[in-house]
Amino acid sequence: MNEKASTYLKLRLVLFASLLVLSERPLLSNDNINRTLSREQATEDLSIYFELIDKQHGNPYQFISRSVFLDALNTTIDNLPEQIEFKAFEVTLSKLNNLIRCGHTIINLDANLIKSASEANHFFPLPIALIKEQVYVDFEDSAIPHGAQLITINGQEIGEVINELLPLTVTDGFSQAKPLRELETKFGYYFFLKYGAYNSFEVTYLTPKGTQTKTTISGVAGNQMLANNYYRPVYKTNERYYHFTHLDAIDSLQTLVLTLNTFQANPDWFAERLSALYDQESKKFEFDNLVIDLRNNEGGDRRLLTLLYQFVAGEHLVDPSNTSIRSNQIQFEDYLLGINGAVGSKEAIEKAETYLNQHFTYANEEGFESAEQNWYDTFDAGINWQGQTFNGQVYVLTSGKTFSAAADLARILAELDHVILVGEETGGAHIGRTANMLLNYDLPNTHTMVQIPVIYEEFVNANKQNEGRGTFPDFHITQTYPDLLAKKDSAFEFTLDLIQQKQLQGAN
């Protein structure tokens, strides 16, 4: 594994283990993974969770009424046992949280407990691919062959397993692709959360030739499980899939491939790399087609989004939105861990409240709202594309993992005449979502981390026919079983075929 790949994996491990949550509690031993809390303690944490959602979340009742959500909370509390394991509480809370249908409202098991659990060989080791309601092994370094169809794990029918794990994921609205891709990415973790820790797993499967077989495979540590998920066969074929940001060219097709697996890349570096591909003498780029791959991008720094739009559209990004908040104060300070990844200090709280009171000056029945504005005037931070506009054909690859700022970019670029979207519905909401300022809270008894987004943003120019869904591609392309067996990147290969057809038509 090269240095950059190792760096990317380390970042994913940090996110997985919730280590962004700052805590000084001592680490737990593995003996405490299955520890329990009382019904009263669980009730207290659930009640505090509801208060956080009800008073601090920017728009919690976009897809569910307050009364229905409160009824679900009370039913959940009524059904609590006298003693409940921490993982079982996490499952219970995650199902409740799923009802809000907000992809930025995230529940994470106590970071120290997760870290402790991750050090033991308790996790299902094999990455999976979900294709047409079937579950296949997407891995080649195992006794179970790549492409095998899973039938049972530890006696559990795989269809039942998937149905029980999907409600633990989060998504914006009713995007159908994001829960599937999230479950693929962290299947071992969700299985551990729902069914517990196992040193080995008895698996029944069908080989690619249709022979039913049963075998036992060993569990792996959390970091190995995650590494397996991020280095499945299709992603081993090109380094573009494990760099933060990667540029590579397909000279025969006059095509530049820009892979953005995160928006945490340096915008200056990005601008320099693109400028190097522009011939000042001929006033032309060294490529005719641009492929922007956002399939693994879950968002981040909007400055890169602004720069990309300027490069493709040739103008400053104007994407006005109506924004609102329910409270202009940072509440529940006793439980606050951080704001936007930083420690929740008095200074950070004061800065956040100053920001909210500066922009959200109009009171309404639900809280406060801002005048319609283009927030990208704030996000660009003075970083602008100074070079030539790219007027060639642009292809944007999307999936259910295309989320937050990455989903915004897909939605915005889709409106341009020379842009074609290929892949899946994005995981980020097309019309509007709650995000931007993110607060991390610590529930007192379980130390579950709850991420609460504060600012609701509704995009003025978005197509209202997509309400409750993500942005849909022009060509809906998902992986097929034959492509899985062949380790073929379906959406990418389809896009290259489009480019080749265009070249042939131009030649004729």
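The exercises below treat ring pairs, an aromatic cluster and charges over rings in this predicted model.

**Exercise 1.** Determine how many aromatic pairs the model contains, and classify the pair Phe 123 and Phe 192.

*Solution.* The count comes to 23 aromatic pairs. For Phe 123 and Phe 192, the ring centres are 4.8 Å apart. Their planes stand at 45 degrees, so the pair is tilted. Next, locate the partners: Phe 123 belongs to the loop between helix H5 (111-118) and strand E4 (128-131), while Phe 192 belongs to helix H8 (residues 187-195), so the contact ties together parts that are 69 residues apart in sequence. Finally, both Phe 123 and Phe 192 are buried.

**Exercise 2.** Classify the pair Phe 311 and Phe 390, and state where each ring lies.

*Solution.* The centres of the two rings, Phe 311 and Phe 390, lie 5.9 Å apart. Because their planes are at 10 degrees, the pair is stacked. Phe 311 is in helix H11 (residues 302-313), and Phe 390 is in the loop between helix H13 (376-379) and strand E20 (393-398); the pair therefore ties together parts that are 79 residues apart in sequence. Phe 311 and Phe 390 are buried.

**Exercise 3.** Identify the residues that form one aromatic cluster with Phe 124, and find which rings have Arg 35 and Lys 87 over them.

*Solution.* The cluster is formed by Phe 124, Phe 187, Phe 191, Tyr 195, Tyr 198 and Phe 201. Turning to the charges, Arg 35 places its charged end over the ring of Phe 86, at 4.1 Å from the centre. Lys 87 lies over the face of Phe 192, 5.3 Å from the ring centre.

How values were computed. Residues numbered from 1 in each chain as written. Predicted model: local features only at pLDDT ≥ 70, side-chain atom pairs only at ≥ 80, totals over all residues. Heavy atoms only, no water. Phe/Tyr/Trp six-rings, centres within 6.5 Å; stacked < 30°, edge-to-face > 60°. Helix = DSSP H or I, 4+ residues; strand = E, 2+ residues; numbered from the N terminus. Buried < 20%, exposed > 50% of the residue type's maximum accessible area, 1.4 Å probe, protein only. Lys NZ or Arg CZ within 6 Å of the ring centre and 35° of its normal.
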